[in-house]
Amino acid sequence: MLRQKPTLYVALALFFVAEAVLGLALQLAEGRAVACLSYGAVLLACLFCTAFARRTSRYILTQLALILTLGADYFLVLAPKRQQLPAMLFFSAVQICYFLRLYLADKSKMRRRIHLLCRVVLSLAMLAVTLGVLGEGADALALVSMFYYANLVLNLVFALLAGKGQRRLAAGLFFFFLCDTVIGLSLVGNYLPIAADFPLYIVLFPGFNLAWAFYVPAKFLLSVSAWESDGKGG
């Protein structure tokens, strides 16, 4: 019933409106309400995906990624004390899910080999660069974060290369990339201080939550990407 086109379009419109309202409300809220609204937007995306369950690797991996995202955002948003390391471990698992979705959907053995090689090389290179730049200042959070970011970038690149069949996934990962780029640059201050009069500081702190302005659309697009068709049987 939910997969019939009229019902699907109505549900999609309501989902879009609900996420837009939550996205605006969390920008205007204060205190604990911000955390509740933020987490609510992520939870809604996960539940919407669940409502359109399918027996395909595309759906299963997307749903698992959204569930893992709930775990990550619990440590960042709802937990009494913000815990970045477990959150980044969850987010790394999220990107592995999207990697598997892209990998399994690719029917070319050659592209699969290239994909695996690029992922291993870039992941190791990012870890090496982190250790080289931060030296003794490198910690588990920095290393896990760079591993996660490398895999996010690769997922975005290969989703774009996949073309029509992964358009929503690519769009969702693009907003995810923008969100985490903002967060990552803001965290640079923990290792390399950024002066308040530096142009980058002004971009990162514009007077509203820029990261969540990107993150809510990302969750919407990633959720609906679970049932986009690539013409290959999912």
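Leaving aside neighbours within four places in sequence, L116 touches F99 and Y103, where contact means heavy atoms within 4.5 Å. L116 sits in helix α5, which covers residues 109-134. Helices here are DSSP runs of H or I with at least four residues, strands are runs of E with at least two, and both are numbered from the N terminus. One of the two partners, Y103, is 13 residues from L116 in sequence, and their C-alpha atoms are 8.6 Å apart. L116 counts as partly exposed because its relative accessibility is 36%; the label buried needs a relative accessible area under 20%, exposed needs over 50%, and partly exposed is what lies in between (1.4 Å probe, protein chains only). Also in helix α5 is L124. With 54% relative accessibility, L124 counts as exposed.

The model is predicted, so local features need pLDDT of at least 70 and side-chain atom pairs count only at pLDDT 80 or more, while totals for chains, interfaces and linings use all residues. Residues are numbered from 1 along each chain as its sequence is written, and side-chain values use heavy atoms, with hydrogens and water left out.

Stepping back to the whole protein chain, there are 9 helices and 0 strands. Read along the sequence, the pattern is simply α-α-α-α-α-α-α-α-α. Of the 234 residues in the protein chain, 41% are buried. Among contacts between residues at least 6 apart in sequence, 69% join residues at least 24 apart. The protein chain exposes about 12300 Å², and carbon and sulfur atoms supply 72% of that area. Such areas come from the Shrake-Rupley method with a 1.4 Å probe, and for residues only the protein chains shown count as cover.

Helix α1 takes up residues 5-28, which is 24 residues, and reaches 35 Å from its first C-alpha to its last, close to the 34 Å expected at 1.5 Å a residue. The expected span is 1.5 Å times one less than the number of residues in the helix. The buried residues of α1 are L8, A11, F15, E19, L22, G23 and L26. These buried residues pack against α2 (32-51) and α9 (210-224).

Helix α2 has 20 residues, and its end C-alpha atoms are 28 Å apart, which agrees with the 28 Å it should span at 1.5 Å a residue. Buried in α2 are A35, S38, Y39, A41, V42, A45, C46, F48 and C49, and the buried residues of this helix pack against α1, α3 (57-78) and α9. The C-alpha atoms of G40 and L70 are separated by 9.8 Å, although the two residues are 30 apart along the chain.

The pairing of α2 with α9 can be described in more detail. The two helices pack at an angle of about 10°, with their axes 8 Å apart; axes are lines fitted to C-alpha atoms, for helices over the stretch in contact, and angles run from 0 to 180 degrees between N-to-C directions. That makes α2 roughly parallel to α9, since angles under 35 degrees count as roughly parallel, over 145 as roughly antiparallel, 65 to 115 as roughly perpendicular and the rest as oblique. On the α2 side the contact is made by S38, A41, V42, A45, F48 and C49, and on the α9 side by W212, Y215, V216, K219, S223 and V224. By class, this contact has 9 nonpolar, 2 polar and 1 charged residues. Here Ala, Val, Leu, Ile, Met, Phe, Trp, Tyr, Cys and Pro count as nonpolar, Asp, Glu, Lys and Arg as charged, and the others, Gly among them, as polar.

Helix α9 also holds L210, which counts as buried at 15% relative accessibility. L210 and C179 are 31 residues apart along the chain, and their C-alpha atoms are separated by 7.5 Å.
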